[in-house]
Amino acid sequence: MSIAVVGCSQLVTLAGPARPRTGAEMRDLAIIDDGAMLIENGIIQRVGSRRDIEAQASEIIDAGGRVVMPGFVDAHTHPVFAGNRAGEFEQRIQGATYAEIAAAGGGIRSTVRQTRAATEDELVDATRRHVRWFLENGTTTIEAKSGYGLTLDAECKLLRAIARIRPLGCVPTFLGAHVVPEEYRGHTSEYVCLVVNEMLPQIAAMKLAEYCDVFCEPGFFGVEESRQILTAARRLGLGLRIHADQLSSSGAAELAAELGAATADHLEHTSADGIRALQAAGVQPVLLPGSVYALGSSQYPDARAMIRAGLAVVLATDFNPGTSPTPSMPMILSLACTQMKMTPAEAIAAATINAAYSLGRGHAIGSLEAGKRADFVIHDFADYREIPYFFGVGSARSVYIGGQAVLGEC
Ligand SMILES: [Zn+2]
């Protein structure tokens with residue numbers, strides 16, 4: 001059965017070369033005005049004009065004069081956890097710092113306690129609500145990190161819960177080095193040994209993760225400890241991602257470059273040398289303005305310098321219960337435009353095609369082109385620039401994954 005999507009005020013295809021977009025390419029969304037798309041068996045066959053495509057289809061989806069775009073690809077999330085940290089949110093507003101809250105047993109460790117106590121089924125149930133939020137915001141694929149278990153069994157429990165995420169596309173990442181757990185406090189090197197010698201080999205053998213990530217920051221895991229973990233992960237065939245330079249400039253971006261990581265994420269404090277190193281090594285920066293906003297900071301990463309340097313910038317939510325409790329890519333686009341001075345087009349390229357390449361999925365998703373999976377969203381706007389402009393509005397009217405309606409009008 002063939003389906004034609006018609007009535008698109010703008011069909012935002014992001015068609016282009018088979019690689020991530022850099023520099024001025026990020027402003028070219030390859031929009032077809034009054035465009036149409038032909039889908040068969042969940043795969044895009046053609047995009048073009050309505051006249052060419054409508055006659056070939058047995059079924060019609062009419063977008064009603066609205067924007068049709070690829071689903072957002074959210075390349076950095078922590079979606080599986082128990083409980084939440086609304087209490088700490090209030091404490092921070094009243095003046096407590098993140099470090100003070102963490103020292104008192106709050107922060108990531110409090111989510112670890114609650115997540116360890118939950119069963120796999122309870123975590124799957126809790127995650128269902130988060131998945132619905134992602135869909136309502138027009139996201140069709142997420143990267144999903146573990147990191148709230150911090151024992152072999154609890155990390156496997158999280159990764160098995162991640163493997164059960166439906167209907168979103170999902171790329172699993174092992175983040176055993178998220179924070180040193182309570183029982184290893186003051187014994188970081190012993191915990192690193194546990195990650196390297198027990199967790200990583202078993203998780204790789206069970207194929208529970210495609211990537212390994214480390215929170216590389218003084219007080220969490222230093223550059224040398226991060227190098228040890230990521231080198232071991234690379235030997236096991238995992239791709240690499242790094243939480244880098246979020247709270248200080250510690251050399252984490254340079255480490256990402258040295259190891260040939262797929263991404264370096266955060267980069268609020270990365271130096272000009274760090275940006276050059278990422279460019280030379282072809283590492284994609286994943287920028288997470290939601291965490292800057294939610295922490296009440298104004299130190300956003302320097303997206304303009306990165307685009308000028310030719311980096312294939314990615315935007316993501318960093319959805320997590322502590323520092324970025326938002327699943328909304330439209331909100332992230334709005335922050336990228338207003339706070340980081342990215343144009344709406346650059347922000348959309350960063351949240352779709354560039355994000356897909358950062359997850360090793362550039363051949364399959366991230367743009368509307370022949371041969372790719374028909375993951376697309378009808379937004380309740382006539383112009384793509386309205387997505388970051390009307391902030392706080394749920395813009396996704398209908399969401400399709402593999403040509404199937406998963407939200408909205410079916
Ligand atoms: Zn994160």
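Predicted model: local features only at pLDDT ≥ 70, side-chain atom pairs only at ≥ 80, totals over all residues.
Visitor: Where does Glu155 sit?
Guide: Glu155 belongs to helix α6, which covers residues 152-163.

Visitor: Is Glu155 buried or exposed, and what is the nearest side chain of opposite charge?
Guide: Glu155 is buried and has no salt bridge. Arg116 is the nearest side chain of opposite charge, at 7.4 Å.

Visitor: What does the side chain of Glu155 reach, then?
Guide: The side chain of Glu155 reaches the backbone nitrogen of Gly149, at 2.9 Å.

Visitor: And which residues is Glu155 in contact with, leaving aside neighbours within four places in sequence?
Guide: Among them are Ser146, Gly147, Tyr148, Gly149 and Leu150, and also Phe174, Leu175, Gly176, Met199 and Ile203.

Visitor: Changing topic: what volume has the largest pocket?
Guide: The volume of the largest pocket is about 350 Å³.

Visitor: How many residues line the largest pocket, and which lie nearest its centre?
Guide: The lining consists of 19 residues, and Asn84, Arg85, Ala86, Pro321 and Pro325 lie nearest the centre.

Visitor: Which helix gives the most to that lining?
Guide: Helix α5 gives the most, with four residues. At least two residues of the lining come from each of α2 (86-93), α5 (120-136) and α11 (289-294).

Visitor: Now Val12. Why does Val12 count as buried?
Guide: Val12 counts as buried because its relative accessibility is 0%, and the cut-off for buried is under 20%. Val12 lies in strand β1, residues 2-12.

Visitor: How far apart are Val12 and Asp383 in sequence and in space?
Guide: They are 371 residues apart in sequence, and their C-alpha atoms are 9.7 Å apart in space.

Visitor: Which residues does Val12 touch, not counting those up to four places away in sequence?
Guide: Val12 touches several, including Leu29, Ala30, Ile31, Leu368 and Tyr384.

Key: Residues numbered from 1 in each chain as written. Heavy atoms only, no water. Buried < 20%, exposed > 50% of the residue type's maximum accessible area, 1.4 Å probe, protein only. Lys, Arg positive; Asp, Glu negative; His and termini not counted. Salt bridge = Lys/Arg side-chain N within 4 Å of Asp/Glu carboxyl O. Polar contact = N/O pair within 3.5 Å; in protein donor to acceptor, adjacent residues only side chain to side chain. Contact = heavy atoms within 4.5 Å. 1 Å grid on protein atoms, 1.4 Å probe; cavity = no way out; pocket = protein on both sides within 12 Å on 5 of 7 lines; lining within 4 Å. Points joined across faces, edges and corners; volume = space filled by probe spheres on them.
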